[in-house]
Amino acid sequence: MEYKLASFTNRFAALIIDGILIHVAAKFLTFPFGFGFNPWNVFNGNFLDFAEYSGYVGVVALVYYVFMESSSRSATIGKQVMHIKVLDENGDNLTLSKSIIRNFVKVLCGNIFMLGFFFALFTKNKQALHDILGTTLVVEDRPVAADSPS
């Protein structure tokens, strides 16, 4: 089967949707640890609070992405909304180990000025850094028909 590569804008929109879901989940999970549920004042001006909260968000994000993308749907909720999914370079669903590698790099790159995401604008297969290192592709949810032009 052939798939059409997902556009950068669809990937970005999915990232925004997933980011909102991850932060809401992180706020609920960190509330018992003293982080208030005010989304506009997460850190109260304290760098240590910022660092600790970022760690919680990173863990929530890693678990969310790993399990959602290695599921039978091969997509997070944001990707499902945007009708895209993640496959390995052979067109198969991700294994748990491949998803862990891809998403560990993704969370790491996401915390360094989102630098790794911009690779998708310049690479042949629209792969971000985490896709290249994880040997994955982000594609549209429906395969391209054999007789239709790509």
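A network of salt bridges links Arg11, Glu69, Lys79, Arg102, Lys106 and Asp131. By salt bridge I mean a side-chain nitrogen of Lys or Arg within 4 Å of a carboxyl oxygen of Asp or Glu. Before going on: this is a predicted model, in which local features need pLDDT of at least 70 and side-chain atom pairs count only at pLDDT 80 or more, while totals for chains, interfaces and linings use all residues. Residues are numbered from 1 along each chain as its sequence is written, and side-chain values use heavy atoms, with hydrogens and water left out.

By that rule there are seven salt bridges. Take Asp131, which sits in that network. Its side chain meets the side chain of Arg11 in a salt bridge, 2.5 Å from N to O. That pair links distant parts of the chain, with Asp131 in helix α5 (residues 129-134) and Arg11 in helix α1 (residues 8-30), 120 residues apart. Helices here are DSSP runs of H or I with at least four residues, strands are runs of E with at least two, and both are numbered from the N terminus.

Asp131 also forms a salt bridge with Arg102, where the closest N and O atoms are 2.8 Å apart. Here too the pair links distant parts of the chain: Arg102 is in helix α4 (residues 96-110), 29 residues from Asp131.

Are these side chains buried or exposed? Asp131 is buried, at a relative accessible area of 0%. Arg102 is buried at 1%, and Arg11 is buried at 13%. Buried means under 20% relative accessible area, exposed over 50%, and partly exposed in between, using a 1.4 Å probe and protein chains only.

Now the sheet. Three strands form an open sheet in the order β1-β3-β2, with antiparallel pairing. The edge strands, each pairing on one side only, are β1 (2-5) and β2 (84-88). Two strands pair if DSSP finds at least two bridges between them. Between β1 and β3 (residues 136-144) there are three bridges, and Leu5 has Val139 in β3 as its bridge partner.

There is a salt bridge here as well: the side chains of Glu140 and Lys4 meet at 3.7 Å, N to O. Glu140 lies in strand β3 and Lys4 in strand β1, 136 residues apart. Glu140 is partly exposed at 27% relative accessibility, and Lys4 is partly exposed at 45%.

Last, helix α1. How far apart are its end C-alpha atoms? They are 32 Å apart, which agrees with the 33 Å that its 23 residues should span at 1.5 Å a residue; the expected span is 1.5 Å times one less than the number of residues. The buried residues of α1 are Arg11, Ala14, Leu15, Asp18, Ile22, Ala26, Lys27 and Thr30.

Phe28 is also found in α1, but this residue counts as exposed, at 56% relative accessibility.
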